[in-house]
Amino acid sequence: MVVMELKNITKIFDSPAGESVVLKDINFKIKRGEFISIVGPSGSGKSTLLNIIGVLDKPTSGEVIINGFNILCLNESEIAQMRNNLIGFIFQSFNLINRTSVQKNIEIPAIIMGMKRSLRHYRSQKLLELLGIKDKAEYKPMNLSGGQQQRVAIARALINDPTIILADEPTGNLDTKTGQEVFGLLKMLTKKYKKTIIIVTHNQEIASETDKTIFIRDGKIEKEIIN
Ligand SMILES: Nc1ncnc2c1ncn2[C@@H]1O[C@H](COP(=O)(O)OP(=O)(O)OP(=O)(O)O)[C@@H](O)[C@H]1O
Ligand SMILES: [Mg+2]
């Protein structure tokens, strides 16, 4: 089943130096349960593409079809709601809030969605357990190791039970061993829970362990490889 389709996506940024075409005629389909990696040189448009897949940014032209529906027809608040329900984000720099506890950080997307307190507590406890950080629930994120902070970010991405998980260099700030562990958790999510995951990575070894790798160069899909 296709969960998302990108059709003829183009992205142009205006800059003081003039227009720059960052994505050119991007087309691909994402199937349910697929684990996809996006690789390519720095500046090739990977993050821009991930932001469009995650509906954080709109393309200049083209269509983004989710569950058969062109989401660019929706208004901003409908888009925000759909994003919060369907998509979980994991960033390279974790993006956690240090003032508040690990458990509260995990629950933020659920609070935004209006999930009942008892249900979100239940879910965050389950996720803390699944990700092996149950004893850290009351910690502030800054007192955790990088790998533990990334686990918190993964739990936060999962709290609303999204269909699609997007991760922009999720292992980029981690040492090799911790990066492998975090990657192992993502793999477990596709295998065991049939989550659709798309990661941007510079790590060839990690890319080769996903189902499919999309190579981006100068804003275009250079090739797709089934691993
Ligand atoms: N908001 C913006 N305004 C103008 N130009 C932008 C904007 N965001 C990105 N760009 C440009 O688009 C191009 C692609 O950027 P992008 O962040 O997608 O690259 P990337 O492949 O993720 O690179 P990296 O591997 O370094 O993270 C770059 O040339 C960048 O300068
Ligand atoms: Mg990037």
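User: Which residues surround ligand 1?

Analyst: In this predicted model, the shell around ligand 1 consists of Phe13, Ser15, Val22, Gly40, Ser42, Gly43, Ser44, Gly45, Lys46, Ser47 and Thr48. Two elements, β1 (2-15) and α1 (46-53), each give two or more residues to that shell. The largest share, 3 residues, comes from α1.

User: How do the residues of the shell around ligand 1 divide into nonpolar, polar and charged?

Analyst: The shell around ligand 1 holds 2 nonpolar, 8 polar and 1 charged residues. Gly is counted among the polar residues in this scheme.

User: What makes Asn67 partly exposed?

Analyst: The partly exposed class lies between the exposed limit of 12 or fewer and the buried limit of 20 or more. Asn67 has 13 C-beta neighbours inside 10 Å, so it counts as partly exposed. Asn67 lies in the loop between β4 (61-66) and β5 (69-70), and its phi is near 50 degrees, a positive value in a residue other than glycine.

User: Why is α5 described as largely enclosed by the rest of the structure?

Analyst: Burial requires 20 or more other C-beta atoms within 10 Å. Of the 13 residues of α5, 12 are buried, so the helix is largely enclosed by the rest of the structure. Among them are Val152, Ala155 and Arg156. The buried residues of α5 pack against β6 (87-90), α3, α4 (117-130), β7 (164-168) and α6 (176-193).

User: What describes the packing of two helices, and which values apply to α3 and α5?

Analyst: Two packed helices are described by the angle and the distance between their axes. The axes of α3 (residues 102-113) and α5 (residues 146-158) come within 7 Å and cross at roughly 35 degrees. Their crossing is right-handed. Val102, Asn105, Ile106, Ile108 and Pro109 in α3 meet Val152, Ala155 and Arg156 in α5. The residues of this contact divide into 6 nonpolar, 1 polar and 1 charged.

Definitions and conventions: Residues numbered from 1 in each chain as written. Chains lettered and ligands numbered in written order. Predicted model: local features only at pLDDT ≥ 70, side-chain atom pairs only at ≥ 80, totals over all residues. Axes fitted to C-alpha atoms, helices over the stretch in contact; angles between N-to-C directions. Helix = DSSP H or I, 4+ residues; strand = E, 2+ residues; numbered from the N terminus. Left-handed = near helix turned anticlockwise from the far one by under 90°. Contact = placed C-beta atoms within 7 Å. Near = placed C-beta within 6 Å.
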